[in-house]
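Me: I've got a chain open here and want a quick tour. Can you walk me through it?
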Amino acid sequence: MIRLEPKGESSRLFSYLSPVLAMVLTVGTGALLFELMGKPAGPALYAYFIQPFTTAYGASELGVKATPLILIGLGLSVGFRANVWNIGAEGQLTLGAIAGGALALAFYEVETPLLLPGMMIAGVLGGMAWAAIPAFLRVKFNANEILVSLMLTYVALLLLSYLVHGPLRDPDGFNFPESRLFHDAATMPTLISGTRLHWGALFALLAAGAIWLMLSRSMLGFQLKILGDAPRAARFAGYREPKLVWFSLLLSGGLAGLAGVVEVSGTVGQLIPTISPGYGFTAIIVAFLGRLHPAGVVLGGLTMALTYIGGETAQIEIGLPAAVTGLFQGVLLFYLLACDVLINYRLRFGRNLAIG
């Protein structure tokens, strides 16, 4: 007989080990799935997890993919600590890309070093504006920010589609739904010559450091933690919950908007109907994989970036379907949630044997 037995207190050890255990189980499940698809597990796993690191370009692509995941994951982790559940970061990323991209197109023939910083500011403001809608509705009407932010994602995607099919479409683009290519002043400089790794990676690391300082060294970070762990105690202590809700959603929206403008100016180079392969949703896994800690989010972002790079490599090298990337991410999330049970519970087998 197997049953779950509550622990007296949460296990700090399993809090750190559960992501590692989830990764090991994901790799094992992946090997089994590869065999079921008729692909030898060894070469498939090598192509997925090892081959991207065998070249400098492949390793740099890991940073390219990880940059938006880290930026978004940092913002989400702050909100999740306070039980503010922003699930619409994909929409906020899209609004940030629209705001920054529209500014680049408005000054299409203007060469100025101020354009790129202006685009980044516009992107942050665009993401914050989109996140302000669920913040206002939660604070004013106690609306569920999960549903509001999620539904706004599809509004943002439809708005992007309308703009690239209409007002922002390239007049010389033969009616393809895309904007003009951004000129040099609106393009993120690269860090390493011959690769696509750009300055956005530095911004992600700086944001991680800033978030760590805020959470560990400021009263605001302490208030966010108390609001998440003990909401009644936070109210009794006089912490203003509406202010913390606004801060959490605006911060996560702003970082998602920054990720959007970094993506279009550093990787894509124009506005197109699909800017992100789902970074806003994948960043939710990144936040939990990193235990809502900035350093963990950086590692989680690199790990999830590997699923994108590895999936693309596996498609080319051994003919795996594109859906394998989403499958790996879903399996990892499943195992992560399952392993998190061991933080608060132990598995009891029979009367004597226990795990956790």
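Me: How many helices and strands does the protein chain have?
Reply: This is a predicted model. The protein chain has 13 helices and 3 strands.

Me: What box do the C-alpha atoms fill?
Reply: Roughly 75 × 60 × 30 Å, along the principal axes.

Me: And how much of the chain is buried?
Reply: Buried residues make up 50% of the 356.

Me: What share of the contacts comes from residues 24 or more positions apart?
Reply: 76%, counting contacts with a separation of 6 or more.

Me: Core next. Which residues touch the most other members of the largest nonpolar core?
Reply: That core has 91 residues. The ones touching the most other members are Phe-34, Ile-72, Leu-74, Leu-76, Met-119, Phe-182 and Leu-271. As background, nonpolar side chains tend to be buried together in soluble globular proteins.

Me: Take Ile-72. What does it touch, beyond four places away in sequence?
Reply: Ala-89, Leu-93, Ala-256, Ala-259, Tyr-279, Gly-280 and Ala-283.

Me: Switching to helix packing. At what angle do H8 and H10 pack?
Reply: About 105 degrees, with the axes 11 Å apart. H8 covers residues 219-229 and H10 covers 241-268. The 65 to 115 degree range counts as roughly perpendicular, so H8 and H10 are roughly perpendicular to each other.

Me: Which residues meet there?
Reply: From H8, Leu-220, Gln-223, Leu-224 and Leu-227. From H10, Glu-241, Lys-243, Leu-244, Phe-247 and Ser-248. The residues of this contact divide into 5 nonpolar, 2 polar and 2 charged.

Me: Now Ser-77. Where does it lie?
Reply: Ser-77 is in helix H3, residues 56-81.

Me: Is Ser-77 buried or exposed?
Reply: Buried, because its relative accessibility is 0%. Leaving aside neighbours within four places in sequence, Ser-77 contacts Ala-287, Leu-292 and Val-297.

Me: How far is Ser-77 from Ala-230?
Reply: 17 Å in space, C-alpha to C-alpha, and 153 residues in sequence.

Me: You listed Leu-292 as a contact of Ser-77. Where does Leu-292 lie?
Reply: Leu-292 is in the loop between H11 and H12. Its relative accessible area is 16%, under the 20% cut-off, so Leu-292 is buried.

Me: What about the phi of Leu-292?
Reply: Near 60 degrees, a positive value in a residue other than glycine. Arg-291 also has a phi near 60 degrees. Arg-291 sits in the loop between H11 (279-289) and H12.

Me: On to H12 itself. What does Thr-313 touch?
Reply: Thr-313 is in H12, residues 294-318. Not counting residues up to four places away, Thr-313 touches Ala-47, Gln-51 and Pro-52. Thr-313 counts as buried, at 15% relative accessibility.

Me: Last one. Which helix holds Thr-153?
Reply: H6, residues 145-165. Thr-153 has 0% relative accessibility, so Thr-153 counts as buried.

Me: And which residues is Thr-153 in contact with?
Reply: Gly-88, Glu-90, Gly-91, Trp-130 and Phe-281, leaving aside neighbours within four places in sequence.

Methods: Residues are numbered from 1 along each chain as its sequence is written. This is a predicted model: local features need pLDDT of at least 70, side-chain atom pairs count only at pLDDT 80 or more; totals for chains, interfaces and linings use all residues. Side-chain values use heavy atoms; hydrogens and water are left out. Axes are lines fitted to C-alpha atoms, for helices over the stretch in contact, and angles run from 0 to 180 degrees between N-to-C directions. Helices (H or I, at least four residues) and strands (E, at least two) are DSSP runs, numbered from the N terminus. Angles under 35 degrees count as roughly parallel, over 145 as roughly antiparallel, 65 to 115 as roughly perpendicular and the rest as oblique. Contact means heavy atoms within 4.5 Å. Ala, Val, Leu, Ile, Met, Phe, Trp, Tyr, Cys and Pro count as nonpolar, Asp, Glu, Lys and Arg as charged, and the others, Gly among them, as polar. A nonpolar core is a set of buried Ala, Val, Leu, Ile, Met, Phe, Trp, Tyr and Cys residues joined through side-chain atoms within 4.5 Å. Buried means under 20% relative accessible area, exposed over 50%, partly exposed in between (1.4 Å probe, protein chains only).
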